[in-house]
Every structure is written in C-alpha cells, then in structure tokens.
Amino acid sequence: MTTHTRTLPAAFRRFRRLRRSRALRDLVRETRLSPQGFVYPLFVTHGDNVRREIDSMPGQYQLSLDQLPAEAEELRSLGIPAVLLFGLPASKDDAGSEAYDDDGIVQRAIRTLKQAAPDLAVITDVCLCEYTSHGHCGVVVDGEVDNDQTLPLLARTAVSHAQAGADIVAPSDMMDGRVAAIRQALDEAGFAATPIMSYAAKQASAFYGPFRVAAESAPQFGDRRGYQMDPANAREAMREIEADIEEGADIVIVKPALPNLDLIARARERFDLPLAAYNVSGEYAMVKAAAAAGYLDERLATLEVLTAIRRAGADIIITYHAKEAARWLGE
Ligand code: PBG
C-alpha cells in the first residue's frame with residue numbers, strides 16, 4: 001500500500017464509482033430526454049415550393065403548404081408528436097384579419113397537416129402580431145394595445161383554428177383574460193374538448209429577436225413591455241400562471257426557458273398541470289452561432305440545454321432543436 005492511501009480520511013463518499021462507464025452513467029441518470037416531450041415550431045407561408053431558410057435561425061425554414069406532408073413524415077419518423085404553427089399572412093392590416101380568416105395560412109396549414117398526418121398533434125399559436133400592420137399583439141387604440149378590444153379577436157382566431165382541426169390552441173399575446181375569453185368561445189362553438197396551452201408567464205425578452213425576423217412580426221413602434229412580463233418578476237409570474245389555470249388553461253408555458261429555469265422549477269412545485277417551456281429563437285440562435293464559430297460542441301451543448309430545461313421541471317419542451325436532438329438521442 002502506498003503512503004498516500006494511508007493518509008486518506010476514514011470515510012468519504014466515492015461518487016465516481018457510478019461514473020466509470022457509459023452503461024453505469026445511463027443507469028443512474030435522473031433526467032431523461034425523449035423526443036416524445038418535444039414540440040417543433042413551424043413557420044408556414046403562402047406560395048408554392050417555398051422552403052426559405054431563415055437568416056437569424058440557421059436550419060429553420062419558412063415553408064409553403066406543399067412542404068408540410070414531408071415535414072410531418074419526418075417528424076413521425078423521429079418520434080416527435082407535435083408541431084406549433086406560426087403563419088406569415090399574405091397581407092397585414094390594423095385588425096390582423098388573416099389571423100381569424102377561415103382561409104388564412106394557419107387554417108389551411110392545419111387542414112393540410114391533419115389530412116396528411118392525422119396522428120401529428122397540431123398546436124397553433126394564437127396571436128395577432130404576425131398579422132397586424134403595426135406588429136403588436138392586439139388592437140392599437142391611441143398608441144396603446146387595448147386589452148378588452150383584443151379579446152374577441154383572439155377568441156375568434158382560436159375558434160377558427162379549432163374549426164380547421166387544431167388539436168390545441170396556444171394564446172401567446174399576454175392580454176389579461178384571454179384564456180377565459182377563448183375557453184368560453186370554444187365551448188360555445190362546440191369545441192369544449194379542445195385544450196388551451198397558455199403562454200402563461202411570457203416575458204418581454206430580447207431572446208425573441210430571431211423569431212421576429214422569421215415571423216416578420218417586429219413591432220413597428222414601441223415594444224411589448226406594456227403587455228409581456230418584466231423578466232425581473234418571479235412572484236408575478238406565479239400569479240400569471242395561477243390566473244390562467246383559474247381561467248381554464250390545460251397546459252401552461254414558461255417562456256423563454258433558459259433565463260427562467262428558476263420559474264420553471266417554481267411552477268413545477270406549485271402547479272400540477274402539464275408544464276411546457278419554450279426554448280426560444282434567441283436561445284437556439286446562440287447555440288447555432290457559437291457552434292458555427294467553433295466555440296462549442298453543438299451536439300453536447302444542445303442536449304445539455306434541453307436536459308437542463310427538463311431537469312428544472314418542464315414536461316414539454318417547445319424547441320427548434322427538436323429534430324436534431326431526436327436524431328442525436330436515437331444514436
Ligand atoms: C407571438 C410570439 C412570439 C414568440 C412566440 N409567439 C414573439 C413575440 O412575442 O414577440 C417568440 C418565439 C421565439 O422567439 O422563438 N407573440
């Protein structure tokens with residue numbers, strides 16, 4: 001026996017015993033990632049044969065309807081159960097009319113997907129910002145987004161998505177009372193069985209920047225701080241979530257994900273509903289940019305990010321990494 005082993009303390013824990021091989025590490029892993037918990041966002045646009053890569057989000061595309069069946073087939077083969085649809089309208093106006101047009105781009109995309117791949121869950125983003133000429137998430141009156149005038153338009157949008165066949169509607173506008181308004185409108189229209197996945201705690205975040213390029217939805221004046229949350233407020237985030245649950249939300253979302261792992265963990269402790277986290281465009285773009293520059297290992301970084309979001313307590317992760325992560329997890 002060598003001298004140094006004799007000088008060791010009498011008892012200490014050998015954590016390294018269970019880290020010695022991949023098999024042992026796999027066996028004791030506490031947090032497991034699966035594509036079954038992923039939701040993949042899709043940007044749908046008018047036109048034919050459009051597959052336009054988004055500058056700010058390498059590897060993500062604006063897609064025309066004809067591209068959707070192949071996309072759905074790829075997701076099925078990867079074991080990803082759901083998509084989240086965002087639409088690029090043919091034209092924008094003050095009231096965001098294409099959002100609730102039964103022949104709007106999202107409504108058509110829902111029908112295309114449900115026909116091509118009935119088993120794929122189609123979730124729709126319910127918001128006006130992609131459809132309004134001013135780029136705000138509601139009706140603007142005297143330079144300010146009017147909460148109560150926006151509610152009927154959101155409700156109408158949700159009903160038209162449900163009519164087109166959406167499996168879940170996901171309001172992301174952050175108006176007060178929208179979950180109650182949407183629930184009531186869905187019930188009255190005969191869609192009592194359609195769930196609401198509410199962006200309950202959504203902050204005014206710099207990390208949506210790349211998305212606004214993708215969805216062409218940047219506000220034309222001001223910012224969204226009058227309706228989206230201040231990232232500094234954690235207790236208020238819990239009250240937002242609580243209110244959405246009381247109003248009838250079936251799934252709640254915390255967004256963005258990485259700067260809010262604490263909020264995800266708190267929400268997990270406090271509420272028993274399924275909890276989703278949105279790993280947003282800026283989080284995706286950061287990893288892509290650093291990987292492209294050779295600053296980090298893309299595969300390891302991506303899986304680490306997704307594992308952290310899952311470990312914090314999210315059941316569902318909405319992520320642009322869904323397809324590549326599913327591939328890596330299957331290797
Ligand atoms: C629409 C909406 C936004 C995102 C999802 N829904 C943009 C915003 O609020 O400005 C952001 C998603 C992302 O960054 O990936 N209101």
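Hi everyone, thanks for coming. Please keep in mind that what you see is a predicted model.

Let me start with charge pairs. Side chains of opposite charge can pair when their charged atoms come close. The structure has 18 salt bridges, and I'd like to walk you through a network that links Arg51, Glu71, Glu74, Lys323 and Arg327. Take Lys323 and Glu71: their side chains form a salt bridge at 2.5 Å, N to O. Lys323 sits in helix α12 and Glu71 in helix α3 (residues 68-78), so this pair links distant parts of the chain, 252 residues apart. Both partners are covered: Lys323 counts as buried because its relative accessibility is 11%, and Glu71 is buried too, with a relative accessible area of 4%.

Lys323 also makes a salt bridge with Glu74, where the closest N and O atoms are 3.0 Å apart. Since Lys323 is in helix α12 and Glu74 in helix α3, this pair ties together parts 249 residues apart in sequence. Glu74 is partly exposed, with a relative accessible area of 25%. And Glu74 has another partner: its side chain meets that of Arg327 in a salt bridge of 2.6 Å, N to O. Here again helix α3 is tied to helix α12, across 253 residues of sequence. Arg327, at 41% relative accessibility, counts as partly exposed.

Now to the rings. How many aromatic pairs does a search of the whole structure find? Seven. One of them is Tyr278 with Tyr320, a tilted pair with 6.1 Å centre to centre and 45 degrees between the planes. Tyr278 belongs to strand β11 (residues 275-279), while Tyr320 is in the loop between β12 (316-319) and α12 (322-329), so the pair joins parts 42 residues apart in sequence. Tyr278 counts as buried at 2% relative accessibility, and Tyr320 counts as buried at 2% as well.

Last stop, the surface. Arg14, Arg16, Arg17, Arg19 and Arg20 gather there in a patch of positive charge. Arg14 lies in the loop between α1 (3-6) and α2 (22-28), and it counts as partly exposed at 45% relative accessibility. There is also a nonpolar patch on the surface, made of Leu18, Leu27 and Val28, with about 290 Å² of accessible area together. Leu27 is in helix α2 and counts as exposed, at 65% relative accessibility.

How values were computed:
Residues are numbered from 1 along each chain as its sequence is written. This is a predicted model: local features need pLDDT of at least 70, side-chain atom pairs count only at pLDDT 80 or more; totals for chains, interfaces and linings use all residues. Side-chain values use heavy atoms; hydrogens and water are left out. Patches are made of residues with over 30% relative accessible area and no salt bridge: like charges are joined within 9 Å, nonpolar side chains (Val, Leu, Ile, Met, Phe, Trp, Tyr) within 5 Å. Accessible areas come from the Shrake-Rupley method with a 1.4 Å probe; for residues, only the protein chains shown count as cover. A salt bridge is a side-chain nitrogen of Lys or Arg within 4 Å of a carboxyl oxygen of Asp or Glu. Lys and Arg count as positive and Asp and Glu as negative; His and the chain ends are not counted. The place of a charge is taken as NZ of Lys, CZ of Arg, CG of Asp or CD of Glu. Helices (H or I, at least four residues) and strands (E, at least two) are DSSP runs, numbered from the N terminus. Buried means under 20% relative accessible area, exposed over 50%, partly exposed in between (1.4 Å probe, protein chains only). Rings of Phe, Tyr and Trp (its six-membered ring) pair if their centres lie within 6.5 Å; planes under 30 degrees apart count as stacked, over 60 as edge-to-face and the rest as tilted.
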